[in-house]
Amino acid sequence: MKKKVAIIGVTGSVGQEFVVSLDNHPWFDVVQIAASKKSAGKNYIDSIKDPNSHIIDWHPSSPISDYIKTMKVEEVEDLDVHNLDLVFSSIESNAAREIESKFAKHIPVISTSSAYRYEEDVPILIPGINDAHVDLIDTQKKNRNWNGFVAPIPNCTTTGLAITLKPLYEKFGTNKVIMTSMQAISGAGRTPGVSAMDITDNIIPYIPNEEKKVRVETTKILGKLTDGKIKHADIKISCTCTRVPVIDGHTESVSIETLKPIDPTSVKESYKKYFHDLDILNLPSSPPNYYEIHDEPTRPQPRIDREINDGMTTSIGRLEKESIFDNGIKYVLFSHNKKMGSAKGAILLAELLYQKGKI
């Protein structure tokens, strides 16, 4: 029997990605949806219309799924928790903490928000990367006397970096990381979003709070869970996060100092071996290839690589020795911020937790 789920923040750009990705899902059935008061009481199709026109404010590339067009949008406080097994939350961080804790007292909450990411008893999970941290959920439930829990995914910029670092960190050790991101405008959301006058013909060299998030989240994800606590990985990370005029998908330039000798050939072998050893490949949303390695120097590129395996594959190119380190490698990665880095990545996490009996 399918698990009954709700989507909170269903009218936003991430919420709309949840709508598409959960259509005909083999394990999860959307039975309730919620958004702000201005949308409550409307059919979903009407809630995403511009009130001053008949234009549909629809962001995913896929058409609106039939199953949800006439579903009534409710206010969050009106959701019936007793008719739910799971909540997907895509609300702003300021409101997320109170709302997510309300539901987590009763049922699991899978969140794209940062509200709980930095709590000691809350894991930041990427399926296939730090699955051992799932056990921290039991500690969280005990500490907070909850029947459910909150399981957030990382910041979308962290996602690609952590996924590409993990195999290298395990095999070669990692001392330092220098990363520069070139992030899509969709990562800023619709509100407040990015002004067209600011981003057109321009690069914005600063994204508030982004660099701290990447540093803290990456070391937490790559850390070890011991005695109910995560010991952060001992990696020094320097990052510069920028906004560029790309619609979807984050590109990152990465240089790594490793503890052991490293070269492009051994890196490729590490990614291939790591992928083949993953135990999440049978999950419905798991891509057939977690990593796509490009040999041609012009890849990856957002327009070419964003739809590989429906945005769930991380693309890697420009693998070269990093000459400023005795042991070093550099590469360029591309990760879809609204798929693997957001809604669909959250669904993949829910599938992992379902498989492990946590949902």
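Student: What covers the buried residues of H10?
Tutor: This is a predicted model. H10 spans residues 343–355, and its buried residues include Ala343, Ile347 and Leu353. The cover over them includes helix H1 (13–21), strand S2 (28–35), strand S4 (86–89), strand S5 (109–111), helix H4 (136–144) and strand S6 (150–152).

Student: How many of the 13 residues of H10 are buried?
Tutor: Buried means under 20% relative accessible area. Ala343, Lys344, Gly345 and Ala346 are among those that qualify. H10 is mostly covered, and the count is 11 of 13.

Student: How far apart are the end C-alpha atoms of H10?
Tutor: Take 1.5 Å a residue, so the 13 residues should span 18 Å. The model agrees with that expectation. The end C-alpha atoms are 19 Å apart.

Student: Which residue just after H10 takes a positive phi?
Tutor: Look past the end of the helix, which runs over residues 343–355. The phi there is about 80 degrees. The residue is glycine 357.

Student: Turn to H5. Is H5 largely enclosed or open?
Tutor: H5 covers residues 156–172. Of its 17 residues, 14 are buried. H5 is therefore largely enclosed by the rest of the structure.

Student: Where in H5 does the kink lie?
Tutor: The bend is about 35 degrees.

Student: Which backbone nitrogen does a side-chain oxygen of asparagine 155 reach at the start of H5?
Tutor: The contact counts as polar because the cut-off for a pair of N or O atoms is 3.5 Å. Here the oxygen comes to within 2.7 Å. The nitrogen belongs to threonine 157.

Student: How do H5 and H8 sit, roughly parallel or roughly perpendicular?
Tutor: Their axes come within 9 Å and cross at roughly 110 degrees. Angles of 65 to 115 degrees count as roughly perpendicular. So H5 relative to H8 is roughly perpendicular.

Student: Which residues of H8 make the contact?
Tutor: On the H5 side, Thr164, Pro167 and Phe172 are among the residues involved. H8 itself runs over residues 264–277. Its contributors are Ser266, Val267, Ser270, Tyr271 and Tyr274.

Student: What is the relative accessible area of threonine 164?
Tutor: Threonine 164 is found in H5. Beyond four places in sequence, its contacts are Tyr271, Tyr291, Thr314, Ile316, Tyr331 and Leu333. Threonine 164 is buried, with a value of 0%.

Conventions: Residues numbered from 1 in each chain as written. Predicted model: local features only at pLDDT ≥ 70, side-chain atom pairs only at ≥ 80, totals over all residues. Heavy atoms only, no water. Helix = DSSP H or I, 4+ residues; strand = E, 2+ residues; numbered from the N terminus. Expected span 1.5 Å × (residues − 1). Bend = angle between axes of the 7 residues up to and from the residue. Buried < 20%, exposed > 50% of the residue type's maximum accessible area, 1.4 Å probe, protein only. Polar contact = N/O pair within 3.5 Å; in protein donor to acceptor, adjacent residues only side chain to side chain. Axes fitted to C-alpha atoms, helices over the stretch in contact; angles between N-to-C directions. Parallel < 35°, antiparallel > 145°, perpendicular 65-115°, else oblique. Contact = heavy atoms within 4.5 Å.
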